[in-house]
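This briefing sets out selected features of one chain, grouped by topic. Please read it alongside the sequence and the structure shown here.

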Amino acid sequence: MAGGFAPTIGICLGHLQDLTNAEQVQALSAYAAEKGLRVKIFASFSTFQNRDNHDIGEQSVYDLIRWNELDAVVIMGETIGDREITKRIIAAADAEGVPVITVDQAHEGCYNVIHGYDAAFEAVVRHVFEHHKCTRVNFLAGMPDNAFSDARIDIYKKVLAENGLPFEERRMKYGYFWEGPASDAVKEFLEDELPEAIIAANDSMAIAACTVLNEFGYRVPEDVLITGFDGIEMERYHVPRITNAAQDLWGAGSCALEIASKLIRGETVDQKEYLIEYGLHFTQSCGCEPTKYRSSSAQLQKMYMSLAANRVYEDQMYRMITVLTDEKTVDEMFEHMREYIMGQTVHNFKVCVNGRYLRTANAQIDEPYEDDDYFVVIDRTGDEYTHPYTKFHHKERMPGLDEMYEKFNQVLFLPLHDQNDVFGYVALSYDIYYIDYSRLFSLMMSFGHSFNTVENQAMLMRVNEELSASNKMLEDMYIHDSMTGLYNRRGFFQEFQRQKNIHTDYPRWLFIASIDMDSLKYINDTFGHQEGDFAIKSVANLIVSMAGERAICARFGGDEYMVAIITDDPQRDQCMSLAQRLTAALDAANKEIDKPYSLGASCGTEMARLVPNIDIDDLMKRADDKMYTQKAKRKSLRNTSR
């Protein structure tokens, strides 16, 4: 038993909010409880495929693993989209002598529990050709150069050949594993001829195929047989039910925990692949079972209630961000988090924050501490909520961890961050049958945003105090817009002249963008100047974000902005796409801010060689003219829409 505590296994995974991943965690935790094992779950909400700053923050959760407290670790490899992260976890476990059991991804030197994808998919394909005797069978593949898709294509070709049928290029199209491209591919099939069957590489594409066939007046399975793969939750409610094969998540969990138990007992276990067969379901979409048309009212009511509950929860998250960041100190924020943490369906909830964040956020702590020290700043147990500031070093065992196992056998660790700015982590114990990981995802993202905002507010307060002390605030106000922090007209020309003077060594370009907000008067008149100020600042922030660090961004008037970029490489600095990127960013922001109005802006751009006697006023006027032309078109479109 590691560290002298009860036998403990770790579980590492990504994309926890995915229903399949959540069910696998449920299975592992349930079997661990049966075997008297404690579980420490180190989970992120990312798939790590973007490899961006957000992913850097998410993978910080794996740095929390204290290997001397684990007797074995289970890694759900396919949920962590970056194999290098998985390899680093395995290497760290090997260095500490902790055995590694992988699920759904094989690694050398590990005990690999593998789902039998290929055999199950082949069984489904053979069922179409050999049981139903179909010969005109089309195939919806995944995507090019994807291992799962390529393997399923090979199986399709193999079964064709073994049944004496040629492979025809026209009968295979890529559906990219999701509904949109799959629907387009099925329509292309129908332009050629009506096949006897369509085999889809996953359930999402199979459901899309059913929908398109229905739109064109064809019946499934009477006119066309359909099969899928994977067993997604949506399939359970689809009519007809999709013939497919589904992962045996509970079988995989049982196998992984049986291996872990034997290793903990000191028994010898072979390091090999332990194959878990898929469950085959030959049901309605291939005609093996009669289609059952169930009343949809109960299911629709359930879905409506679920959507309504989720809307309420999301509204709470938006409200929480506002409450926690409304000019709050970090200590006030911790106290105001009470309402939202007490509302979670968990038994224990600890928020552990690093010293670096607390120092930057100006937390009121009397005792000395270092940046890599941690503090339990929030501790909920049952109906009790405290704000203790209990200090411990990051290499030490988290205070109160053993007490978290008194009611349930698993503790979940989640990263607390905003982008790559890591503040600490959250640890919670809960009933595995009464947890909604998607809501937990929303909570953690909202916490991260709130922590970042409060930290930035504290930093800004400190900077402002320093500026005031050094009498630089007046200078700042002289050249900056007080509301947005952008340059004002004076500051814009002053900064342009400064940059122009230092960029004289070789030819460069000057890019100008004139930007004008939409509907500011309407927002002010209808919703008040506070909302107008919010809109002005929001658009300003998006302009800065889209223009990049090289840009000179200014607010010239109430709703007028100007951007100048001196660059030797306009393509690298994405100058010519600024207008399009700004439009996309505004559309994305409108989905997030939950306001009764929409943020919008018109943009005109111009670019010229930067020469000593360049007429920037003329360039700005030409950009202005283009902007007003676009603004007129946008207004016309809005009026037409109305």
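In this predicted model, helix H1 (residues 19-34) and helix H8 (residues 249-264) pack at an angle of about 40°, with their axes 8 Å apart, and the two helices are therefore oblique to each other. Angles under 35 degrees count as roughly parallel, over 145 as roughly antiparallel, 65 to 115 as roughly perpendicular and the rest as oblique. Axes here are lines fitted to C-alpha atoms, for helices over the stretch in contact, and angles run from 0 to 180 degrees between N-to-C directions. Helices (H or I, at least four residues) and strands (E, at least two) are DSSP runs, numbered from the N terminus.

**Basis of the values**

- Residues are numbered from 1 along each chain as its sequence is written, and side-chain values use heavy atoms, with hydrogens and water left out.
- Because the model is predicted, local features need pLDDT of at least 70 and side-chain atom pairs count only at pLDDT 80 or more, whereas totals for chains, interfaces and linings use all residues.

**The H1 and H8 pair**

- H1 passes H8 in a right-handed crossing; a crossing is left-handed if the near helix is turned anticlockwise from the far one by less than a right angle, and right-handed if clockwise.
- On the H1 side, the residues that meet H8 include Thr 20, Glu 23, Gln 24, Ala 27 and Tyr 31, and their counterparts in H8 include Leu 249, Trp 250, Gly 253 and Leu 257, where contact means heavy atoms within 4.5 Å.

**The chain as a whole**

- The chain has 20 helices and 22 strands, and its C-alpha trace spans about 80 × 70 × 55 Å along the principal axes.
- Of the 642 residues, 50% count as buried, a term that means under 20% relative accessible area, with exposed over 50% and partly exposed in between (1.4 Å probe, protein chains only).
- Among the contacts in the chain with a separation of 6 or more, 71% are accounted for by residues 24 or more positions apart.

- The 15 residues of helix H4 (residues 117-131) should span 21 Å at 1.5 Å a residue, and the end C-alpha atoms are 20 Å apart, which agrees; the expected span is 1.5 Å times one less than the number of residues.
- Buried residues of H4 include Ala 120, Phe 121, Val 124, Val 125, His 127 and Phe 129, and the helix is followed by Lys 133, whose phi is positive, near 60°.
- H4 and H5 pack at an angle of about 40°, with their axes 10 Å apart, and that makes H4 oblique to H5.
- The contact involves residues of H4 including Tyr 117, Phe 121, Val 125 and Phe 129, and residues of H5 including Phe 148, Ile 155, Tyr 156 and Val 159, while H4 passes H5 in a right-handed crossing.

**The parallel sheet**

- An open sheet is formed by 4 strands in the order S7-S6-S8-S9, with parallel pairing; two strands pair if DSSP finds at least two bridges between them.
- Strand S7 (172-174) and strand S9 (225-227) are the edge strands, each pairing on one side only, and the twist averages 15° from one strand to the next.
- Strand S6 (residues 137-141) is joined to S7 by 3 bridges, and Phe 139 stands opposite Met 172 in S7.
- Helix H5 (residues 147-162) lies across S6 and S7 and runs at about 170° to S6.

**The antiparallel sheet**

- A further open sheet has 4 strands in the order S20-S21-S19-S22, and the pairing is antiparallel.
- The edge strands are strand S20 (552-555) and strand S22 (601-610), each of which pairs on one side only, and neighbouring strands are turned by 15° against each other on average, direction ignored.
- Helix H18 (residues 529-547) packs on this sheet and touches strand S19 (508-517), S20 and S21, its direction making about 10° with that of S21.
- S20 and strand S21 (residues 560-567) pair over 4 bridges and are joined by a hairpin through 4 residues; Ile 552 has Ala 564 as its bridge partner in S21, and Ala 554 has Met 562.
- Ile 552 and Ala 554 point one way from S20, Cys 553 and Arg 555 point the other way, and all are buried.

**Glu 495**

- Glu 495 lies in helix H16 (residues 489-502) and, at 11% relative accessibility, counts as buried.
- Leaving aside neighbours within four places in sequence, Glu 495 is in contact with Tyr 487 and Ile 552.
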